[in-house]
Amino acid sequence: MLCPIRPGDRPAAAPSPPPDSPGALKRTRGPGSAWRRVGWIAPAGAALLLTGCGQQSTLDPRSEPTREIANLWWAMLAASAIVFFGAAFLIFLSWLRRRKEGWPLLGKGDGLSTGLVVGFGIVIPIACLIVLFVFANLDVTKATEAPAQSTTSMTVEVTGRQWFWDVRYPGTGAVTANEIHIPVRTRVNLVARTGDVIHSFWVPQLNRKIDMIPGRTNRILLYADRPGRYRGQCAEFCGFQHAHMAMYVFADPPARFRAWLANAARPSRPALNAQQRRGQQVFLSNACANCHTIAGTPARGGIGPDLTHLQTRTTLAALTIPNRKGWLAGWVLDPQHIKPGNKMPGLNLTGPDFQALLAYLETLR
Amino acid sequence: MAVVATPEAQARVERLERIWTERPGLLGWLTTTDHKRIGILYFFTTLAFFAAGGIEALLIRTQLLGPNGQVLDPAAFDQVMSMHGVTMIFLFAVPISTGAFGNYLLPLMIGARDMAFPRLNALSYWLFLCSGLFMYVGLISGNGPGAGWFNYVPLALKAYSPGPGIDYYALGLIFTGISTTATAINFIVTIFKMRAPGMSLNRMPLFCFAFLAVSFALVFALPALSTALIFLELDRLLGFHFYDPVNGGNTILWQHLFWIFGHPEVYIIILPAFGIATSIIPTFTRRRMVAFPLVALAEILVAFIGFGVWAHHMFAVGLSTITDIYFAAASLIIVVPSAIQLFAWITTLVTGRPTFKTPLLWIVGFIVLFVIGGLSGIMFAAIPFDQQLTDTYFVVAHFHYVIFGAAVFPILGGMYYWFPKVTGRMYYERIGQASFWLSFVGMNLTFFPMHIVGLLGMPRRQYTYPSGLGWTGYNLVESIGAYLLAAGLIMVVANLAVSRFRGARVGNDPWGGDTLEWATTSPPPPYNYAVIPKVSSPYAMWDREDREQDALRLAQGRQVLEQGHETPVTTVLDADWDEIVDMPSDSPWPITFALATSGIFAMLITQHFVTAAAFCGLALLVLAAWHNREPQEA
Amino acid sequence: MSDLTRSMEATGAGAAARVEQQRRALPNGVWGMALLIATEAALFGTMLASYYYLRFQTSQWPPPGIARPEVLAPAILTGILVATTVPMFLAARAAGRGHARAAMWLLLVAALVQGGYLGVQIHLFLSDLHKFSPGQTAYGSVYFTILFLHHVHVFVGIALVLWLAGRLIGGLTNYRLTATRAIAFYWYFVNAMAILVVLTQLYPSL
Ligand code: HEA
Ligand code: HEA
Ligand code: CUA
Ligand SMILES: [Cu+2]
């Protein structure tokens with residue numbers, strides 16, 4: 001099995017169903033259905049291509065745009081297969097007839113050969129290309145264009161930074177990082193910006209990618225037609241930790257989402273016991289506070305991810321490590337070991353101070 | 001020529017030998033202006049760079065062999081990955097086809113005795129060598145460029161790449177650019193003015209059409225890169241703001257400039273390969289190319305349309321939909337000339353009597369791989385699909401199929417095909433075929449699975465990847481494939497290396513080739529042809545009576561030109577005799593000038609701008625000295 | 001083919017001129033120069049394109065705090081430089097007819113004017129540098145870069161002309177004749193570029 005699924009890879013909430021690209025085709029509505037005719041190739045291809053975990057696969061679409069793109073792919077694959085085997089057959093023919101000159105049946109004649117070059121090399125390609133152009137670039141593109149403002153019911157602002165994602169919900173004050181929550185079956189207007197170099201926002205199962213470019217604001221539709229957790233990753237090379245700049249999009253049922261948002265909008269709870277208070281002091285008195293924000297405290301740093309609700313996240317450092325106590329401790333002690341080159345220095349805290357800090361971070365939910 | 005009929009002919013040949021033979025020994029190589037020796041220098045240099053780029057590739061593959069690889073740290077990986085791309089494109093693919101194959105074969109094919117500007121030709125080589133070493137100084141000193149081969153800003157600006165790595169990249173590429181431009185200009189003038197009398201443009205081999213197209217593409221594409229790089233260095237070294245949006249600059253400007261160069265570049269890489277294919281296929285099918293004029297036209301068209309498609313590398317940037325659609329359409333149109341050529345080759349194969357010797361095998365392999373790579377290219381011209389799969393391994397798969405499969409395979413086939421001409425010996429056929437099959441299997445094992453991991457969402461340029469996303473198995477296969485491929489290529493090199501000394505001796509024309517180079521001895525004499533050959537068709541070697549004519553003329557001493565470094569210059573279209581010019585003989589100045597130029601760049605990278613200016617002055621002085629001696633005073 | 005010209009034997013003015021008249025195609029040297037010009041033109045092309053690209057990506061041009069360039073001096077200077085097309089052309093023609101001396105003097109006249117032009121331009125360049133710096137905004141960056149590129153071309157041109165004039169003292173040969181034509185060609189190009197460059201430089205004030 002190419003893809004051993006690590007325990008905890010899939011949230012119990014949304015076990016994603018067995019990958020079924022042909023199914024995807026049947027669900028297709030509108031223009032996409034033009035592709036149904038080529039649906040037959042999908043199962044074959046699916047067998048070859050879908051190795052179980054569709055977590056980040058473009059072939060396991062979970063929204064209209066990606067479904068249309070996937071169909072487009074299967075169609076192009078079918079056409080390409082025909083072209084390829086046609087060409088391969090001709091070459092094989094030349095091997096079979098390597099001792100005879102001229103065409104089988106048709107005999108010699110340069111005029112004839114030239115005619116065939118014109119036919120195969122000009123006429124047929126142009127025909128194929130026009131078809132492709134009309135379907136792909138005039139029709140399917142519409143599905144992947146930035147959504148008209150009026151058609152979306154909420155906005156999420158994502159800012160790419162070396163090497164994590166800063167996520168904000170305008171109008172609610174909710175801020176988080178690397179783990180985006182959206183209500184399922186809701187058209188979300190995603191605003192993509194960058195804080196430093198070019199990144200690219202990409203959640204393959206939900207939509208095409210969109211670059212995050214300095215001095216520009218790009219928009220894209222974010223839509224999931226069933227609850228679940230969708231993995232995404234930065235797709236434009238952005239330096240050392242480009243490889244560890246991943247994210248999750250959680251498509252929650254509306255009620256669950258509202259609850260999450262309400263909590264995310266709240267400032268952090270005040271520290272309860274002495275140790276936690278000490279931990280907070282450690283956080284504020286060390287450099288942490290220069291880089292991190294914890295709403296409800298004087299910590300207002302803008303360099304690192306917002307930690308106000310750290311514990312509501314399942315991973316740390318843009319999906320580099322799971323968010324569990326041991327890992328968190330390891331991260332704070334030596335982030336450079338876990339994610340070499342990232343922008344957070346290891347501040348050698350030790351003993352009770354460190355324990356207190358952890359205890360405090362534990363309370364940020 | 002091999003068969004020298006009469007004593008007086010013998011005398012003339014000896015005369016030519018005396019006039020044209022260059023200094024022996026190392027000094028001879030350092031001062032040579034003989035296009036064949038320069039070609040050989042290019043060949044070994046580019047091969048060495050190929051080895052370097054290959055080793056980098058193998059490092060990449062070893063790092064990605066399994067999840068969470070530990071072979072390279074992020075910094076090292078980024079440098080290796082970037083230098084792999086830069087080396088393979090700028091120090092291997094382009095210079096081996098233009099520098100090595102073009103230099104050695106073009107003058108032979110058009111029946112000239114040398115390039116139009118022999119010393120400029122030597123200069124190109126020395127500049128190329130210096131610039132290549134210059135960039136590798138960076139990598140070896142741990143300061144390689146780390147922002148990928150297209151080096152997007154702002155990542156490549158001082159703020160995010162403080163070290164000198166990017167400066168090695170930018171200055172190094174400006175440096176090679178000078179060399180490549182010189183070569184291109186040299187080719188164009190050579191093709192236009194130095195063709196043997198009678199070889200009107202429509203009688204010129206398709207190989208030469210390919211190089212004509214490439215040279216023009218280079219002349220107009222490289223400036224865009226130079227501009228981009230100059231802006232970049234001004235930003236980095238002098239704090240200008242071309243690419244800095246905070247101060248009115250623009251990061252997309254880099255992307256436009258780079259790809260305005262970058263896309264023509266990819267056709268610059270593949271056109272020589274097309275040229276090689278069109279010279280091997282007729283020979284091994286015993287048949288003239290089908291649709292000759294169409295193919296010639298297509299070769300020119302590819303180079304031309306290639307300038308209008310660059311933004312298909314930028315579909316994810318969020319340009320206006322209209323822009324995207326225009327460039328997608330252009331990218332589709334460019335398929336047609338490729339398709340024409342493809343089916344011209346196939347039809348020639350089918351209707352001819354092919355003998356599948358090693359060179360033809362590589363060409364057939366090339367056709368198969370080019371179809372695959374080309375078809376995935378078409379898919380990218382479907383905007384939404386590109387927006388989904390750009391910057392994934394699907395792209396890596398596409399361009400290795402077209403670059404390695406479609407550009408490097410013919411080059412390897414060409415090595416086998418012209419090996420007897422260059423060395424006078426034959427390679428080992430069985431080992432040759434084995435090396436092909438090994439490379440072919442390795443190639444597909446390496447790059448085909450990349451399509452799949454791409455579709456499974458694996459972005460490119462990651463120094464590592466987690467398990468559990470379905471990528472693991474495919475990456476393992478890719479890495480194994482890469483090792484096989486390496487073995488295959490080493491087999492090629494080994495085969496040729498051994499044959500060079502042990503191979504059976506062969507005559508002038510072991511294949512019954514169709515173009516002029518087979519008319520002269522193997523290896524060719526310094527003056528290429530004792531008699532300026534008579535040409536009356538693109539398949540000069542198949543016009544037996546013309547070749548007999550040549551022998552006759554030699555005996556009668558007509559069109560021998562043995563009074564100096566003489567060669568005919570002809571008119572552009574019809575190649576009528578126009579004048580006889582005297583070629584400069586070997587000269588120490590090209591290498592001197594190259595060294596002076598290296599001084600400039602060395603001073604720039606160490607930021608000693610005044611000293612750099614001094615070296616500019618020095619370079620000008622060298623130029624003056626160079627032109628102090630006029631040909632006719634020779 | 002006995003009547004074929006052996007150009008290298010044309011070491012006298014008369015002979016060189018004869019070769020020149022018999023030639024049917026442009027000599028290789030001129031072809032080489034033509035292609036050098038082609039790629040140089042592409043370089044200018046991309047630089048100027050970048051100027052307008054940057055301009056249309058920003059609202060205010062030149063950016064606040066930077067005065068519009070004055071038109072008069074650069075315009076006049078360019079006019080003068082373009083005028084040197086005439087002596088260059090005449091020099092090439094004189095050489096073509098075998099008049100080495102005449103060609104030389106014409107070249108010197110051209111070089112004199114071009115040198116004057118360059119001098120004044122450098123002065124303007126420096127005084128601009130005092131007003132605003134290339135390190136300030138993209139406008140400054142592209143403004144100074146393009147001007148500098150152009151001035152370098154003028155400088156190289158002058159160097160070529162002087163070198164050639166020096167050669168012509170020793171009389172005319174086929175080689176020098178070709179050189180004259182090539183260098184004249186180069187100057188037509190530089191002058192053409194001068195117009196485009198000055199139009200771009202003054203664009204905000206036009
Ligand atoms: C030798 C080099 C080479 C060649 C020849 C090509 C050929 C083509 N390439 Fe490719 N390309 C690259 C090298 C090359 N490419 C590189 C290096 C990159 C990546 C750069 C980077 O990001 O690092 C790239 C990336 C690239 C992209 C951007 C992908 C992305 O980054 O998002 C696109 C998009 O349109 C593209 C398109 C094409 C097309 C349409 C062709 C066409 O010319 C193909 C034409 C050929 C055929 C089509 C096959 C033969 C014809 C037939 C079989 C006839 C039958 C056809 C029909 C019936 C339709 N290429
Ligand atoms: C001509 C172009 C060319 C060629 C030939 C190759 C050849 C190979 N490439 Fe490369 N590749 C690129 C151009 C090329 N590549 C480019 C432009 C990029 C993009 C970089 C970027 O993203 O910026 C890239 C990126 C790239 C990647 C993606 C990196 C990433 O995105 O993280 C990978 C990964 O596997 C890869 C692998 C390989 C492999 C295994 C080969 C193998 O085929 C190599 C096999 C060759 C050898 C093993 C050498 C054989 C040895 C000899 C001949 C020596 C004998 C001679 C002497 C001893 C003197 N390449
Ligand atoms: Cu961010 Cu790659
Ligand atoms: Cu391209």
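Which donor from the protein does the iron atom of ligand 1 have? I began my notebook with this point. The model is a predicted one.

**Entry 1: the iron atom**

I looked for protein donors at the iron atom of ligand 1 and found a single one, NE2 of B:H398, 2.3 Å away. I then placed B:H398 in the fold, and it sits in helix α14 of chain B. I also noted that a polar side-chain atom of B:H398 is 3.0 Å from a nitrogen atom of ligand 1.

**Entry 2: the shell around ligand 1**

I counted the residues that surround ligand 1 and got 34. The closest are B:W149, B:Y267, B:D386, B:T390 and B:H398. Chains A and B both supply residues around ligand 1, so the site is shared between chains.

I looked up two further polar contacts of ligand 1. The side chain of B:W149 has an N or O atom 2.8 Å from an oxygen atom of the ligand. For B:H312, a polar side-chain atom lies 3.3 Å from an oxygen atom of ligand 1.

Next I listed the elements that give two or more residues to this shell. Chain A contributes α4 (110-144), and chain B contributes α8 (251-285), α11 (335-351), α12 (358-380) and α14 (393-423). The largest share is that of α12(B), with six residues. I sorted the shell by residue type and wrote down 24 nonpolar, eight polar and two charged residues.

**Entry 3: the copper ion**

Which residues coordinate the copper ion (ligand 4)? I found B:H263 through ND1, and B:H312 and B:H313 each through NE2, at 1.8 to 2.0 Å. Along the chain, these donors follow the spacing H-x48-H-H.

B:H263 belongs to helix α8 of chain B, while B:H312 is in the loop between α9 (292-305) and α10 (321-333) of that chain, so the pair ties together parts that are 49 residues apart in sequence. Are B:H263 and B:H312 buried or exposed? I found both of them buried.

I also looked up the distance between the two metals. The copper ion (ligand 4) and the iron atom of ligand 1 are 4.5 Å apart.

**Entry 4: nonpolar cores**

I recorded 356 residues in the largest nonpolar core. Within that core, the residues with the most contacts are A:F201, B:Y243 and B:F385. I followed up B:F385, leaving aside its neighbours within four places in sequence. Its contacts in chain A are A:I69, A:L72, A:W73 and A:M76, and those in chain B are B:M379, B:F380, B:F394 and B:L455. A second, separate core has 23 residues, among them A:L316, A:W331, A:I338 and A:L364.

**Entry 5: the backbone**

I looked for cis peptide bonds. One joins B:V153 and B:P154, with omega about 0 degrees. B:P154 is in the loop between α5 (118-140) and α6 (165-193) of chain B. Another joins C:W61 and C:P62, with omega about -5 degrees. I placed C:P62 in the loop between α2 (28-57) and α3 (72-83) of chain C.

I then turned to positive phi angles. B:D391 is not a glycine, yet its phi is about 60 degrees. B:D391 lies between α13 (383-389) and α14 of chain B, in the loop. Why does B:D391 count as buried? Its relative accessibility is 6%, and buried means under 20%.

B:N528 is not a glycine either, and its phi is about 65 degrees. I found B:N528 in the loop between α16 (472-502) and α17 (544-556) of chain B. B:N528 is buried, at 0% relative accessible area.

Key. Residues are numbered from 1 along each chain as its sequence is written. Chains are lettered from A and ligands numbered from 1 in the order in which they are written. This is a predicted model: local features need pLDDT of at least 70, side-chain atom pairs count only at pLDDT 80 or more; totals for chains, interfaces and linings use all residues. Side-chain values use heavy atoms; hydrogens and water are left out. A residue is near a molecule or strand if one of its heavy atoms lies within 4 Å of it. A polar contact is a pair of N or O atoms within 3.5 Å; within protein, one must be able to donate a hydrogen and the other to accept it, and residues adjacent in sequence count only if both atoms are side-chain atoms. Helices (H or I, at least four residues) and strands (E, at least two) are DSSP runs, numbered from the N terminus. Ala, Val, Leu, Ile, Met, Phe, Trp, Tyr, Cys and Pro count as nonpolar, Asp, Glu, Lys and Arg as charged, and the others, Gly among them, as polar. Donors are N, O and S atoms within 2.8 Å of the metal (3.2 Å for Na, K and Ca); water is not among the atoms, so sites may look incomplete. Buried means under 20% relative accessible area, exposed over 50%, partly exposed in between (1.4 Å probe, protein chains only). A nonpolar core is a set of buried Ala, Val, Leu, Ile, Met, Phe, Trp, Tyr and Cys residues joined through side-chain atoms within 4.5 Å. Contact means heavy atoms within 4.5 Å.
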